Amino acid sequence: MACPPAAHPSPPRQPSVKVILTSAEVQRVVDRIAHQILEKTQGAADTVLLGVPTRGAPLARRLAERINAFEGTAVPVGVLDITLYRDDLRRNATRAVGPTQVPPGGIDGMRVILVDDVLFSGRTVRAALDALSDLGRPSSVQLAVLVDRGHRQLPIRADYVGKNIPTALAESVKVTLAETDGVDEVRLYGEAALS
Amino acid sequence: MIRHLLSGADLDADTAIQILDTAAEMAAVSGREVKKLPALRGRTVVNLFYEDSTRTRISFEAAAKRLSADVINFSAKGSSVAKGESLKDTALTLQAMGADAVVVRHPASGAPHRLADWVDGSVVNAGDGTHEHPTQALLDAYTMRSRMGRLAGLSVAVVGDVLHSRVARSNVLLLSTLGAKVTLVGPPTLIPVDIAAALAPGTAVCYDLDAVLPSTDVVMMLRVQRERMGDSYFPSAREYARRYGLDGARMRRLPEHAIVMHPGPMNRGMEITPEVADSPRSTIVEQVTNGVSVRMAVLYLLLGGNNR
């Protein structure tokens with residue numbers, strides 16, 4: 001009777017890491033999105049920036065700060081927590097609810113720009129749109145993301161994209177920001193077999 | 001996350017703080033245009049009330065509805081309980097209907113614990129006998145934190161009929177977990193011997209209300225239950241009011257920042273005078289508002305994920 005073949009040790013796999021955007025590049029990209037917002041909205045009047053936690057929130061604050069530096073327009077900034085609107089709530093352990101901060105002027109009749117770090121399946125944005133409609137009635141909603149990595153599962157697109165990164169599904173994109181992680185960087189993690 | 005909420009002792013400090021923080025976010029919803037969240041869509045919450053209660057049942061009902069859960073109200077009056085159905089058979093019926101959570105109030109201490117063995121869903125104790133009422137303790141803690149800015153180190157006096165009070169028991173357990181210093185105050189006949197040590201070491205007992213007032217941050221007045229007044233725990237309602245009732249003169253002996261709480265329903269003129277109940281220091285109306293937010297937080301944290 002043949003013994004089962006000895007298990008071959010699988011070839012050592014090591015996650016490959018590639019820096020897509022460095023700190024200086026992240027800042028340039030944010031500057032460019034701020035310019036694009038000013039251009040497309042003709043001066044960002046009646047506009048509110050709402051960041052989606054975790055990293056959309058500091059990004060929204062930076063964009064507002066850059067817009068103010070470029071043209072002196074004070075754009076209200078807020079935070080939109082989408083936890084209670086997720087479509088995968090009951091597939092995971094209960095998620096902690098984060099704070100939602102709507103600027104004092106509200107969002108009724110305003111142009112709301114949602115800000116997030118990575119656009120992937122589009123489900124977060126879907127949840128954010130639902131959350132938004134419970135908060136009020138904006139005149140229009142736009143989407144700004146630092147990175148678009150593709151693989152949309154819903155008919156959603158961004159109005160402002162910092163960088164398009166073609167990725168494989170198995171890869172992951174990680175944005176770190178000085179405010180939340182100590183350093184500005186965008187990294188692409190993949191699994192590449194060592195030959 | 002815990003599966004049931006049966007006792008103030010079920011919550012460690014981290015879980016309790018998480019509930020209070022979540023409640024703060026839920027409170028923001030009541031100021032919005034659409035006062036509803038989709039988080040519990042498709043879940044069923046049964047309110048199983050064997051005792052009369054207006055505010056607790058309505059509060060749980062509002063909380064579940066604001067989270068988009070389906071709510072079934074079941075009160076013992078006019079149901080098959082009146083025909084003699086046992087708690088267990090009622091539980092099995094609810095189970096068969098697919099209840100994801102059962103909010104239960106029962107005159108027998110410990111009934112929610114029994115119920116938790118019989119149903120698959122989460123059980124929330126909404127008051128059992130003279131035992132516990134944990135969501136009341138949570139909303140009291142939430143109210144204290146929002147008024148005083150902290151819980152750790154607060155001196156809280158719980159005044160009145162501690163013997164029969166489930167509110168007092170749950171509050172002692174939860175507040176000591178959260179670092180507050182609780183003193184039980186009342187006539188010796190209404191404070192069980194050794195209760196302080198049995199519930200939470202560090203809890204003090206004092207039979208003289210006037211002695212504790214100057215060093216108290218929060219006074220929590222308990223309802224004197226009318227049905228107990230004939231049981232000779234104290235000589236007369238007037239004597240009780242004079243020794244343990246909170247009137248304007250006693251309120252002025254509290255520190256400047258102190259607040260006055262009451263779980264309701266109040267006996268105005270008995271344990272609390274209208275002057276105190278309607279003063280800016282009283283949080284009685286806030287407690288009702290906060291109750292909905294806290295119960296939303298509890299239902300979300302118990303039912304929001306796949307915690308089975």
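I began with Arg223(B), which I found in the loop between β8 (218-221) and α9 (237-244) of chain B; helices (H or I, at least four residues) and strands (E, at least two) are DSSP runs, numbered from the N terminus. The model is predicted: local features need pLDDT of at least 70, side-chain atom pairs count only at pLDDT 80 or more, and totals for chains, interfaces and linings use all residues. Residues are numbered from 1 along each chain as its sequence is written, while chains are lettered from A and ligands numbered from 1 in the order in which they are written.

**Confidence.** I noted a mean pLDDT of 93 for chain B, with 99% of its residues at 70 or more; pLDDT is the predictor's confidence in each residue, from 0 to 100. The model scores are ipTM 0.85 and pTM 0.91.

**Annotated residues.** I looked up the UniProt annotation "binding site" (unreviewed entry), which covers Lys83(B), Arg166(B) and Arg223(B). UniProt positions are given in the numbering used here, feature names are shortened, and annotations may be inferred rather than shown by experiment. These residues span 141 residues in sequence and the farthest two C-alpha atoms are 31.9 Å apart, so they do not all gather at one spot.

I then checked burial, for which C-beta atoms are placed from the backbone: a residue is buried if 20 or more other C-beta atoms lie within 10 Å of its own, exposed if 12 or fewer, and partly exposed in between. Arg223(B) is partly exposed because it has 19 C-beta neighbours inside 10 Å. Not counting residues up to four places away in sequence, Arg223(B) touches Pro263(B), Pro265(B), Met266(B), Asn267(B) and Glu271(B); contact requires C-beta atoms, placed from the backbone, within 7 Å.

Arg166(B) lies in helix α6 (residues 166-177) of chain B and is buried, with 23 other C-beta atoms within 10 Å. Leaving aside neighbours within four places in sequence, I found Arg166(B) in contact with residues including Asp128(B), His131(B) and Glu132(B).

**Core.** I examined the largest nonpolar core, of 148 residues, in which Leu63(A), Val102(B), Val158(B), Val219(B) and Leu299(B) touch the most other members. Such a core is a set of buried Ala, Val, Leu, Ile, Met, Phe, Trp, Tyr and Cys residues joined through C-beta atoms within 7 Å. Helix α12 (residues 284-303) of chain B gives the most to this core, with 10 residues. Leu63(A) contacts residues including Val30(A), Leu49(A) and Ala144(A), leaving aside neighbours within four places in sequence.

**Interface.** I recorded 16 residues of chain A in contact with 17 residues of chain B.

Methods. Two residues are in contact if their C-beta atoms, placed from the backbone, lie within 7 Å.
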